[in-house]
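Take a moment to look over the model below. We'll walk through it together, one piece at a time.

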Amino acid sequence: MAAREKLHRHHLRLRWAFRERKDVLNELDDRELVKRYRLDRAGITFVTDLVRERLKRPTVRNKALSPEMQVIITLRYLATGKMQQCSADDLGPSQQTISRVISDTLEALSDNAILSLFIRFPVTQLETQRRKEEFLQIAGFPEVIGAIDGTHVRIVAPSEYEAEFVNRKRYHSINVQFVFDARYHIIDVVAKWPGSVHDARILAQSGLCTIFENGIVPAGCHLLGDSGYPSKKWLLTPYLRPQPGAQSSYNR
């Protein structure tokens, strides 16, 4: 009886491993692709091409996952936050394989060579002048090239240093520092600090602070930040108790 049960489980594993996978790029239209994966066919192909060489599997097995399928699995996870949903979509792989695929794909996408294609802080006169003009059109605030703030990304409680990840709202998070330009494009991001760390400390120990303090960013360029940041020559924060007139206008 035990041998028969063992053989049955083995057959189930084989059936799971080698079941027919959905060819979602050809079976689903762009509307359904966006609904499930947040990107259309062209977008999925674009992302895949960025990491294709990194995701190619050195195997001759017929059932090896293609780079496209690995990206699709990862996008489904990012869209839902649930690995189980990747399985429910009949994409094919086991839960263990899905977990590995997600880790490998995210690591490939996090490569500095790829990040620098999309997230770059402006340091030339031409780049900074364009962003100043765009911010000026929003509310008449001159000499601004970016707006900075932190946002807490909720995470599952880690097994190590758990208390450090509890933020002031009492949930576990990573405090991520973002800088946006006037078009809402991310031009700088720091995503490595636990939720208990204050915004001001993250800024003080970031490369962003270094490039401003060392004059790498042209003079006359400023960031806008809230009152959680210290006021600096290059970082403009609101008056805590503004007087009527110029100070109130500045805050507004």
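What follows is a short tour of strands, rings and charged pairs.

First, some ground rules: this is a predicted model, where local features need pLDDT of at least 70, side-chain atom pairs count only at pLDDT 80 or more, and totals for chains, interfaces and linings use all residues. Residues are numbered from 1 along each chain as its sequence is written, and side-chain values use heavy atoms, with hydrogens and water left out.

Of its 8 residues, 6 are buried, so β2 is largely enclosed by the rest of the structure. Buried here means under 20% relative accessible area, with exposed over 50% and partly exposed in between (1.4 Å probe, protein chains only). Strand β1 (residues 144-154) runs antiparallel to β2, joined by 8 bridges, and strands count as paired if DSSP finds at least two bridges between them. In this pairing, Ala147 stands opposite Phe180. On to β3 (residues 186-194), which pairs with β2 in the antiparallel sense over 6 bridges. β2 and β3 make a hairpin with 5 residues between them, and Tyr184 in the turn has a positive phi of about 70°.

Now for the rings. Rings of Phe, Tyr and Trp (its six-membered ring) pair if their centres lie within 6.5 Å; planes under 30 degrees apart are stacked, over 60 edge-to-face, and the rest tilted. That gives 6 aromatic pairs. In one of them, Phe121 and Phe212 have ring centres 5.7 Å apart and planes at 75°, so they sit edge-to-face. Phe121 is in the loop between α8 (112-118) and α9 (125-139) while Phe212 is in helix α11 (residues 207-213), so this pair ties together parts 91 residues apart in sequence. Phe121 is buried at 11% relative accessible area, and Phe212 is buried at 8%. Together with Trp234, Phe121 and Phe212 form one aromatic cluster.

What about charges? Side chains of opposite charge can pair when their charged atoms come close. A salt bridge is a side-chain nitrogen of Lys or Arg within 4 Å of a carboxyl oxygen of Asp or Glu, and the count here is 12. One of them joins Asp181 and Arg131 (3.6 Å, N to O). Asp181 lies in the loop between β2 and β3, and Arg131 in helix α9, 50 residues apart. Asp181 is buried, at 4% relative accessibility, and Arg131 is buried too, at 10%.

Note on methods:
Helices (H or I, at least four residues) and strands (E, at least two) are DSSP runs, numbered from the N terminus.
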